[in-house]
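Please open the structure in a viewer and keep the selection panel at hand. The stops below follow one another as a series of selections.

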Amino acid sequence: MIPKQGSVQPRNHSTKSRSEENPPRIIRLLNGCFRSIPLKWIFRTPSPGQRTDPMSFGETEFETTPVLLAQIRPSIKFAGKKILDIGCGVGGKSTFLALHGASEVVAIDLDSERIALAAEFAGLKKAGNIEFVQADAAFLPRSWSGRFDLVTMIDTFEHLDDPGKVLSEISLVLKDSGILIVGFPPYKSPWGAHLFDRISFPWAHLFFPEQYLVELWKLGRSGIGKGIASAEKLTEMHNATRIHEVRHLNGMTIERFWSLVADSDFRMVDCRLHSLLRIFTFLIKNFSIREYLTIRVVAVLEKAKGVSF
(Lines give C-alpha, C1' and ligand atoms only; values in the text may rest on other atoms or scores of the structure.)
Protein backbone atom coordinates (compact mmCIF):
# COMPACT_ATOMS: atom_id res chain seq x y z
CA MET A 1 0.00 0.00 0.00
CA ILE A 2 1.30 3.46 -0.92
CA PRO A 3 1.46 5.70 2.15
CA LYS A 4 -0.48 8.93 2.18
CA GLN A 5 1.45 12.10 1.60
CA GLY A 6 2.79 13.51 4.85
CA SER A 7 2.26 10.29 6.80
CA VAL A 8 5.05 9.00 9.04
CA GLN A 9 6.06 5.38 8.57
CA PRO A 10 7.02 3.36 11.67
CA ARG A 11 10.75 2.78 12.01
CA ASN A 12 11.97 -0.76 11.59
CA HIS A 13 14.05 -1.19 14.75
CA SER A 14 15.35 -4.56 13.59
CA THR A 15 17.23 -2.92 10.75
CA LYS A 16 20.66 -1.60 11.62
CA SER A 17 22.67 0.91 9.72
CA ARG A 18 25.91 -0.13 8.07
CA SER A 19 27.94 1.60 10.82
CA GLU A 20 25.95 -0.23 13.51
CA GLU A 21 26.38 -3.64 11.88
CA ASN A 22 30.11 -3.47 11.28
CA PRO A 23 33.12 -1.70 12.76
CA PRO A 24 34.49 1.19 10.66
CA ARG A 25 36.47 0.10 7.64
CA ILE A 26 39.73 1.61 8.95
CA ILE A 27 39.65 -0.75 11.94
CA ARG A 28 39.10 -3.81 9.76
CA LEU A 29 41.80 -2.62 7.36
CA LEU A 30 44.34 -2.18 10.16
CA ASN A 31 43.47 -5.58 11.56
CA GLY A 32 44.16 -7.16 8.17
CA CYS A 33 47.47 -5.31 7.83
CA PHE A 34 48.77 -6.59 11.16
CA ARG A 35 47.88 -10.14 10.18
CA SER A 36 50.08 -9.95 7.11
CA ILE A 37 53.84 -10.28 6.67
CA PRO A 38 56.01 -8.60 7.92
CA LEU A 39 53.89 -6.87 10.60
CA LYS A 40 52.66 -10.12 12.10
CA TRP A 41 56.31 -11.14 12.60
CA ILE A 42 57.30 -7.85 14.22
CA PHE A 43 54.19 -7.48 16.40
CA ARG A 44 53.51 -11.05 17.38
CA THR A 45 50.16 -11.37 19.09
CA PRO A 46 49.86 -13.75 22.06
CA SER A 47 48.66 -17.23 21.20
CA PRO A 48 44.99 -17.67 22.19
CA GLY A 49 45.10 -21.46 22.13
CA GLN A 50 42.14 -23.63 21.12
CA ARG A 51 39.53 -21.92 23.30
CA THR A 52 36.62 -23.94 21.91
CA ASP A 53 38.27 -27.20 22.97
CA PRO A 54 38.88 -27.13 26.75
CA MET A 55 41.29 -30.05 26.84
CA SER A 56 43.38 -28.64 23.99
CA PHE A 57 43.42 -25.26 25.71
CA GLY A 58 44.48 -26.93 28.95
CA GLU A 59 47.27 -28.68 27.08
CA THR A 60 48.44 -25.34 25.67
CA GLU A 61 48.54 -23.89 29.20
CA PHE A 62 50.36 -27.00 30.45
CA GLU A 63 53.03 -26.80 27.74
CA THR A 64 53.62 -23.04 28.06
CA THR A 65 53.89 -23.01 31.87
CA PRO A 66 57.68 -23.67 31.78
CA VAL A 67 58.06 -20.55 29.63
CA LEU A 68 56.17 -18.49 32.20
CA LEU A 69 58.15 -19.93 35.09
CA ALA A 70 61.41 -19.19 33.28
CA GLN A 71 60.55 -15.47 33.49
CA ILE A 72 60.64 -15.58 37.31
CA ARG A 73 63.71 -14.21 39.07
CA PRO A 74 65.08 -15.38 41.39
CA SER A 75 64.22 -18.92 40.35
CA ILE A 76 61.62 -20.50 42.62
CA LYS A 77 61.89 -24.07 43.85
CA PHE A 78 58.55 -25.89 43.74
CA ALA A 79 59.73 -29.21 45.17
CA GLY A 80 57.86 -30.10 48.35
CA LYS A 81 55.85 -26.86 48.36
CA LYS A 82 52.18 -26.44 49.18
CA ILE A 83 50.85 -24.19 46.41
CA LEU A 84 47.66 -22.20 45.91
CA ASP A 85 46.95 -21.34 42.27
CA ILE A 86 44.46 -18.46 41.91
CA GLY A 87 42.54 -18.21 38.64
CA CYS A 88 43.28 -21.75 37.49
CA GLY A 89 41.07 -21.67 34.38
CA VAL A 90 40.96 -25.12 32.81
CA GLY A 91 43.84 -26.32 34.97
CA GLY A 92 46.87 -26.40 32.68
CA LYS A 93 49.22 -24.42 34.94
CA SER A 94 47.93 -25.98 38.15
CA THR A 95 48.39 -29.50 36.81
CA PHE A 96 51.92 -28.73 35.63
CA LEU A 97 52.86 -27.55 39.14
CA ALA A 98 51.33 -30.66 40.69
CA LEU A 99 53.34 -32.94 38.42
CA HIS A 100 56.64 -31.08 38.81
CA GLY A 101 57.55 -31.22 42.45
CA ALA A 102 54.74 -29.63 44.47
CA SER A 103 53.62 -31.68 47.46
CA GLU A 104 50.10 -30.27 47.22
CA VAL A 105 48.26 -27.90 44.86
CA VAL A 106 44.94 -26.23 45.59
CA ALA A 107 43.56 -24.45 42.50
CA ILE A 108 40.65 -22.02 42.62
CA ASP A 109 38.47 -20.24 40.09
CA LEU A 110 35.17 -18.34 40.23
CA ASP A 111 33.69 -20.24 37.28
CA SER A 112 32.17 -23.61 38.23
CA GLU A 113 32.37 -24.79 34.61
CA ARG A 114 36.11 -24.20 34.51
CA ILE A 115 36.62 -25.95 37.84
CA ALA A 116 34.93 -29.06 36.41
CA LEU A 117 37.03 -28.89 33.24
CA ALA A 118 40.23 -28.38 35.25
CA ALA A 119 39.51 -31.46 37.34
CA GLU A 120 38.92 -33.44 34.14
CA PHE A 121 42.21 -32.22 32.65
CA ALA A 122 44.16 -33.10 35.82
CA GLY A 123 42.56 -36.54 35.72
CA LEU A 124 43.75 -37.09 32.16
CA LYS A 125 47.28 -36.17 33.32
CA LYS A 126 46.91 -38.48 36.36
CA ALA A 127 47.74 -35.70 38.82
CA GLY A 128 46.63 -36.97 42.23
CA ASN A 129 48.02 -34.26 44.52
CA ILE A 130 45.70 -31.49 43.33
CA GLU A 131 42.33 -30.17 44.49
CA PHE A 132 40.07 -27.82 42.52
CA VAL A 133 37.78 -25.50 44.47
CA GLN A 134 35.26 -22.93 43.27
CA ALA A 135 36.18 -19.92 45.39
CA ASP A 136 36.58 -16.15 45.36
CA ALA A 137 40.14 -14.97 46.02
CA ALA A 138 38.71 -11.96 47.85
CA PHE A 139 37.11 -14.30 50.44
CA LEU A 140 39.43 -17.22 51.05
CA PRO A 141 38.43 -19.86 53.64
CA ARG A 142 39.65 -19.08 57.16
CA SER A 143 40.63 -22.74 57.54
CA TRP A 144 43.45 -22.07 55.05
CA SER A 145 45.29 -19.72 57.42
CA GLY A 146 49.05 -20.15 57.06
CA ARG A 147 48.59 -23.24 54.90
CA PHE A 148 50.63 -22.43 51.79
CA ASP A 149 54.31 -21.92 51.01
CA LEU A 150 53.62 -20.37 47.62
CA VAL A 151 50.74 -18.67 45.80
CA THR A 152 50.68 -18.24 42.03
CA MET A 153 48.46 -15.73 40.25
CA ILE A 154 49.28 -15.78 36.54
CA ASP A 155 47.08 -13.83 34.10
CA THR A 156 44.56 -13.19 36.88
CA PHE A 157 45.52 -9.95 38.63
CA GLU A 158 44.17 -7.81 35.77
CA HIS A 159 40.72 -9.42 36.18
CA LEU A 160 40.21 -8.86 39.93
CA ASP A 161 37.43 -6.56 41.13
CA ASP A 162 39.33 -5.65 44.31
CA PRO A 163 43.03 -6.53 43.89
CA GLY A 164 43.99 -4.84 47.16
CA LYS A 165 41.67 -7.08 49.16
CA VAL A 166 42.91 -10.14 47.30
CA LEU A 167 46.49 -9.31 48.30
CA SER A 168 45.34 -9.08 51.93
CA GLU A 169 43.61 -12.46 51.71
CA ILE A 170 46.66 -14.08 50.13
CA SER A 171 48.94 -12.81 52.90
CA LEU A 172 46.71 -14.56 55.42
CA VAL A 173 46.85 -18.00 53.79
CA LEU A 174 50.61 -17.85 53.22
CA LYS A 175 53.14 -18.97 55.80
CA ASP A 176 55.56 -16.38 57.17
CA SER A 177 58.02 -15.41 54.42
CA GLY A 178 55.79 -17.22 51.91
CA ILE A 179 56.06 -16.23 48.26
CA LEU A 180 53.48 -14.79 45.88
CA ILE A 181 54.14 -14.86 42.12
CA VAL A 182 52.14 -12.41 40.02
CA GLY A 183 52.17 -12.18 36.23
CA PHE A 184 49.93 -9.95 34.12
CA PRO A 185 49.89 -7.76 30.99
CA PRO A 186 49.35 -4.03 31.79
CA TYR A 187 46.17 -2.59 30.33
CA LYS A 188 47.97 0.02 28.21
CA SER A 189 50.23 -2.62 26.65
CA PRO A 190 49.78 -3.55 22.96
CA TRP A 191 47.18 -6.27 23.63
CA GLY A 192 46.08 -5.19 27.10
CA ALA A 193 42.41 -5.42 26.10
CA HIS A 194 42.71 -9.23 25.75
CA LEU A 195 41.00 -9.25 22.35
CA PHE A 196 44.05 -10.67 20.55
CA ASP A 197 42.30 -13.84 19.38
CA ARG A 198 40.49 -11.66 16.83
CA ILE A 199 42.19 -8.24 16.87
CA SER A 200 45.82 -8.30 15.81
CA PHE A 201 46.89 -4.66 15.71
CA PRO A 202 48.53 -3.32 18.87
CA TRP A 203 47.08 -0.62 21.16
CA ALA A 204 43.73 -0.82 19.36
CA HIS A 205 41.86 -0.18 22.64
CA LEU A 206 43.73 3.11 23.12
CA PHE A 207 42.80 4.49 19.69
CA PHE A 208 39.26 3.32 18.91
CA PRO A 209 35.89 3.26 20.72
CA GLU A 210 35.27 0.07 22.65
CA GLN A 211 32.00 -0.82 20.96
CA TYR A 212 33.65 -1.01 17.54
CA LEU A 213 36.42 -3.28 18.83
CA VAL A 214 33.96 -5.55 20.59
CA GLU A 215 31.89 -5.85 17.41
CA LEU A 216 35.02 -6.71 15.40
CA TRP A 217 35.96 -9.28 18.04
CA LYS A 218 32.52 -10.91 17.78
CA LEU A 219 32.41 -11.01 13.97
CA GLY A 220 32.46 -14.59 12.74
CA ARG A 221 32.69 -15.96 16.29
CA SER A 222 29.51 -17.98 16.67
CA GLY A 223 31.34 -20.18 19.19
CA ILE A 224 32.94 -17.47 21.32
CA GLY A 225 33.85 -18.84 24.70
CA LYS A 226 31.99 -22.07 24.03
CA GLY A 227 33.41 -24.97 25.96
CA ILE A 228 35.39 -23.08 28.61
CA ALA A 229 32.86 -20.70 30.16
CA SER A 230 29.53 -20.96 31.97
CA ALA A 231 26.23 -20.29 30.20
CA GLU A 232 25.87 -17.03 32.14
CA LYS A 233 29.29 -15.85 31.00
CA LEU A 234 28.57 -16.84 27.39
CA THR A 235 25.39 -14.75 27.40
CA GLU A 236 27.30 -11.78 28.81
CA MET A 237 29.96 -12.09 26.11
CA HIS A 238 27.44 -12.32 23.27
CA ASN A 239 25.58 -9.22 24.50
CA ALA A 240 28.73 -7.25 25.28
CA THR A 241 29.35 -3.73 24.02
CA ARG A 242 32.27 -2.90 26.33
CA ILE A 243 35.66 -4.58 26.69
CA HIS A 244 35.05 -5.09 30.41
CA GLU A 245 31.97 -7.18 29.61
CA VAL A 246 34.00 -9.44 27.33
CA ARG A 247 37.17 -9.91 29.37
CA HIS A 248 36.28 -8.52 32.83
CA LEU A 249 39.31 -6.24 33.12
CA ASN A 250 40.16 -3.78 35.89
CA GLY A 251 42.49 -1.63 33.76
CA MET A 252 45.54 -2.60 35.82
CA THR A 253 48.66 -0.51 35.16
CA ILE A 254 52.24 -0.97 36.33
CA GLU A 255 52.08 2.10 38.58
CA ARG A 256 48.85 0.96 40.20
CA PHE A 257 50.28 -2.51 40.80
CA TRP A 258 53.35 -1.06 42.51
CA SER A 259 51.15 1.16 44.64
CA LEU A 260 48.97 -1.78 45.71
CA VAL A 261 52.03 -3.80 46.69
CA ALA A 262 53.45 -0.85 48.65
CA ASP A 263 50.20 -0.69 50.66
CA SER A 264 50.09 -4.45 51.27
CA ASP A 265 51.72 -6.93 53.65
CA PHE A 266 54.24 -7.88 50.96
CA ARG A 267 57.66 -6.66 49.98
CA MET A 268 58.83 -6.70 46.39
CA VAL A 269 61.62 -9.24 45.95
CA ASP A 270 61.83 -8.76 42.18
CA CYS A 271 59.78 -7.21 39.40
CA ARG A 272 60.57 -7.77 35.72
CA LEU A 273 59.07 -5.74 32.89
CA HIS A 274 59.15 -7.66 29.62
CA SER A 275 59.10 -5.41 26.57
CA LEU A 276 57.39 -5.80 23.20
CA LEU A 277 60.73 -5.97 21.38
CA ARG A 278 64.29 -6.31 22.65
CA ILE A 279 65.18 -2.91 21.26
CA PHE A 280 62.55 -1.38 23.58
CA THR A 281 64.07 -2.84 26.75
CA PHE A 282 65.98 0.32 27.67
CA LEU A 283 62.92 2.48 26.98
CA ILE A 284 60.72 0.81 29.61
CA LYS A 285 62.87 2.41 32.30
CA ASN A 286 61.19 5.66 31.31
CA PHE A 287 57.97 6.19 33.27
CA SER A 288 56.10 7.88 30.45
CA ILE A 289 56.71 4.98 28.05
CA ARG A 290 56.89 1.80 30.12
CA GLU A 291 53.12 1.39 30.42
CA TYR A 292 52.82 1.15 26.62
CA LEU A 293 55.87 -0.99 25.77
CA THR A 294 55.71 -3.55 28.58
CA ILE A 295 53.81 -6.66 27.49
CA ARG A 296 54.13 -8.54 30.79
CA VAL A 297 54.89 -7.79 34.42
CA VAL A 298 56.34 -10.69 36.43
CA ALA A 299 56.78 -10.02 40.15
CA VAL A 300 57.94 -12.05 43.12
CA LEU A 301 56.54 -10.85 46.45
CA GLU A 302 57.39 -12.04 49.95
CA LYS A 303 54.97 -11.98 52.85
CA ALA A 304 55.99 -10.05 55.94
CA LYS A 305 56.22 -12.05 59.16
CA GLY A 306 53.53 -11.95 61.81
CA VAL A 307 50.48 -11.57 59.51
CA SER A 308 47.67 -14.03 60.29
CA PHE A 309 43.91 -14.33 60.80
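Begin by selecting aspartate 85, which stands opposite threonine 152 in strand 4. Helices (H or I, at least four residues) and strands (E, at least two) are DSSP runs, numbered from the N terminus. The model is a predicted one, in which local features need pLDDT of at least 70 and side-chain atom pairs count only at pLDDT 80 or more, while totals for chains, interfaces and linings use all residues. Residues are numbered from 1 along each chain as its sequence is written, and side-chain values use heavy atoms, with hydrogens and water left out.

Three bridges join strand 1 to strand 4, and the two run parallel; strands count as paired if DSSP finds at least two bridges between them.

Within strand 2, alanine 107 is the bridge partner of aspartate 85. Follow the chain from strand 1 through helix 5 to strand 2: this β-α-β crossover is right-handed, that is, with the strands pointing away from the viewer, the path from the first strand over the helix to the second runs clockwise.

Which residues line the largest cavity? Select Thr65, Leu68, Leu69, Ile72, Asp85, Lys93, Leu97, Thr152, Ile154 and Ile181. A cavity is a set of points on a 1 Å grid over the protein atoms alone where a 1.4 Å probe fits but cannot get out, and lining residues have an atom within 4 Å of a point. Its volume, the space filled by probe spheres set on the points (joined across faces, edges and corners), is about 90 Å³. Helix 4 gives the largest share of this lining, three residues.

Move to the second largest cavity, which holds about 70 Å³ of space. Its lining includes Trp191, His194, Phe196, Phe201 and His205. A search of the whole structure finds three cavities of 30 Å³ or more.

Finally, select arginine 290 in helix 13 (residues 287–293). Is this residue buried or exposed? At 11% relative accessibility, arginine 290 counts as buried. Not counting residues up to four places away in sequence, arginine 290 touches Ile254, Glu255, Trp258, Leu273, Ile284 and Lys285, where contact means heavy atoms within 4.5 Å.

Technical notes: 1 Å grid on protein atoms, 1.4 Å probe; cavity = no way out; pocket = protein on both sides within 12 Å on 5 of 7 lines; lining within 4 Å. Buried < 20%, exposed > 50% of the residue type's maximum accessible area, 1.4 Å probe, protein only.
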